[in-house]
Amino acid sequence: MLQQYSGLGIYLIAAIIFPFIIVFVALILGPKRPNPEKLTTYECGLDTQGPTWVQFKINYFLYALVFVVFDVETVFLYPWAVKFQALGLFAFIEMIIFIAILVIGLWYAWKEGALEWM
Amino acid sequence: MDNIFINIAGWIRDFIAGFGLSEGLVYLAMVLVKFVAVLVFVLLNVVFLVYMERRVAGFFQERLGPNRVGPQGIFQLVMDILKLLSKEDIVPAGADKLVYKTAAYVIFVPTMLVYMVIPFGKGMNVIDLNMGLFYILAVSSLTTLIIFMAGWGSRNKYSLIGGMRAVAQMVSYEIPFVFSFLGVIMLTGSLKLSTIVEAQQDVWFIVLQPIAFIIFLIAGNAEINRGPFDLPEGEQELVAGYHTEYTAGRFAMFYMAEYANLLAMAAIGTTVFLGGWHGPWLPGWLWFFIKMYILVFGQMWVRWTFPRIRIDHMMHFNWKVLLPISLANILVTGIGIKAYEMLRTMGWW
């Protein structure tokens, strides 16, 4: 068990090193002739207007909130699904209640218009 | 033939053990060797997939695609690599340099981590984690964050919109994607990928879980920003979305990650739904490869057949269609398993 995760660590380190090699090779092979024009932001040839990091649409945030609810749910659902056949009828009904609560949550978000893209 | 790669791995293992290293160190060294093997496999496939995609797209649109360099244009892939590596590396003056650079370095990492647990054949995986499927989901969702880093760090309006869209889309479609595996896990009672494949000895899970498979295909396609779900990139409106500002090696990383993700998605689908290495006559790893490429071809087909969908349609479809269906699928699977058990105990099956 511990051996497997130390293997995962080695694998992760190797996977992080590899992109550096590619980018490094590209840096060596490619030309380096920077000039101010070239380093401007590419927005279809027009000069960029105003700040980029501005306030954004609230919808993205609402979806993220609903996502968090359901993603936490999956953390509970996965162990339950693994042991589903061993747990018997009680756990099954328990989980139906759990999902029903979430469905009510989804229904509420739906009703309140959090799922509408405006 | 079936054990050819396992035998090679065995020889390398014996060779390394010959240096008198301890058991643990040999294991770690073997992980590195397997990492290199997986990396080479992924890179070769990615390069081929780029060529295949352009060629397939060409045929779908009644044109030829690349056909000049070498027979059938097969050497186009070499030229692509050379071109990508010999371009100037540009970091825009306005960019948030740390975030911008980090994103390019780490975009390929989650994909490689996914390949770690995929069983390419019987006993042919790097590490057979006993929570393999959960690990895949945990790791692959990191891509969302990295894409947003790229979109934010570029300080380009198109990139930022692309990044925002990518987050909204990938986060939303992750839920049906995750739920689509639950039925399979309920049937096998294990998250270990090799166990899941072995459980499909007689019946592939695509037969028992057809709806889950369709949900997986749609949500998986959205997760890797392809097909009709390529809003974060949207060439015609956002130039290239989150990787507009990237060039040379850094762009190569994004491009490779995109195709490696495509292949990873096909590999996950093969493992979980299409019976992995099971199949008659041919060796197991070849079956895995064939099934994987059938899924890849299907995804290319979808990409070049359907037009890009609008963002509100995409969100509606996910939250109001896919999510209820995937929840119902879990419920139906649960009831089905319980009913089957009951019939068996009563002796009617």
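## Helix contact and pockets

In this predicted model, the axes of helix α1 (residues 2-29) of chain A and α2(B) come within 9 Å and cross at roughly 40°. The crossing in which α1(A) passes α2(B) is right-handed. On the α1(A) side, the contact is made by residues including Gly7(A), Ile10(A), Tyr11(A), Ala14(A) and Phe18(A). On the α2(B) side, the residues include Tyr27(B), Leu28(B), Val31(B), Leu32(B) and Phe35(B). By class, the residues of this contact divide into 13 nonpolar, five polar and one charged.

| Pocket | Volume | Lining | Classes in lining |
|---|---|---|---|
| Largest pocket | about 740 Å³ | 24 residues | 18 nonpolar, three polar, three charged |
| Second largest pocket | about 620 Å³ | 21 residues | 15 nonpolar, one polar, five charged |

In the largest pocket, the lining residues nearest the centre are Phe5(B), Ala9(B), Lys34(B), Ala37(B) and Met124(B). Two or more residues of the lining of the largest pocket come from each of α1 (4-17), α2 (23-60) and α15 (284-305) of chain B.

Which residues lie nearest the centre of the second largest pocket? They are Asp80(B), Ile81(B), Leu84(B), Ala252(B) and Tyr255(B). The lining of the second largest pocket takes at least two residues from each of α2, α3 (76-85) and α14 (248-272) of chain B.

Notes. Residues numbered from 1 in each chain as written. Chains lettered and ligands numbered in written order. Predicted model: local features only at pLDDT ≥ 70, side-chain atom pairs only at ≥ 80, totals over all residues. Heavy atoms only, no water. 1 Å grid on protein atoms, 1.4 Å probe; cavity = no way out; pocket = protein on both sides within 12 Å on 5 of 7 lines; lining within 4 Å. Points joined across faces, edges and corners; volume = space filled by probe spheres on them. Helix = DSSP H or I, 4+ residues; strand = E, 2+ residues; numbered from the N terminus. Nonpolar A, V, L, I, M, F, W, Y, C, P; charged D, E, K, R; others polar. Axes fitted to C-alpha atoms, helices over the stretch in contact; angles between N-to-C directions. Left-handed = near helix turned anticlockwise from the far one by under 90°. Contact = heavy atoms within 4.5 Å.
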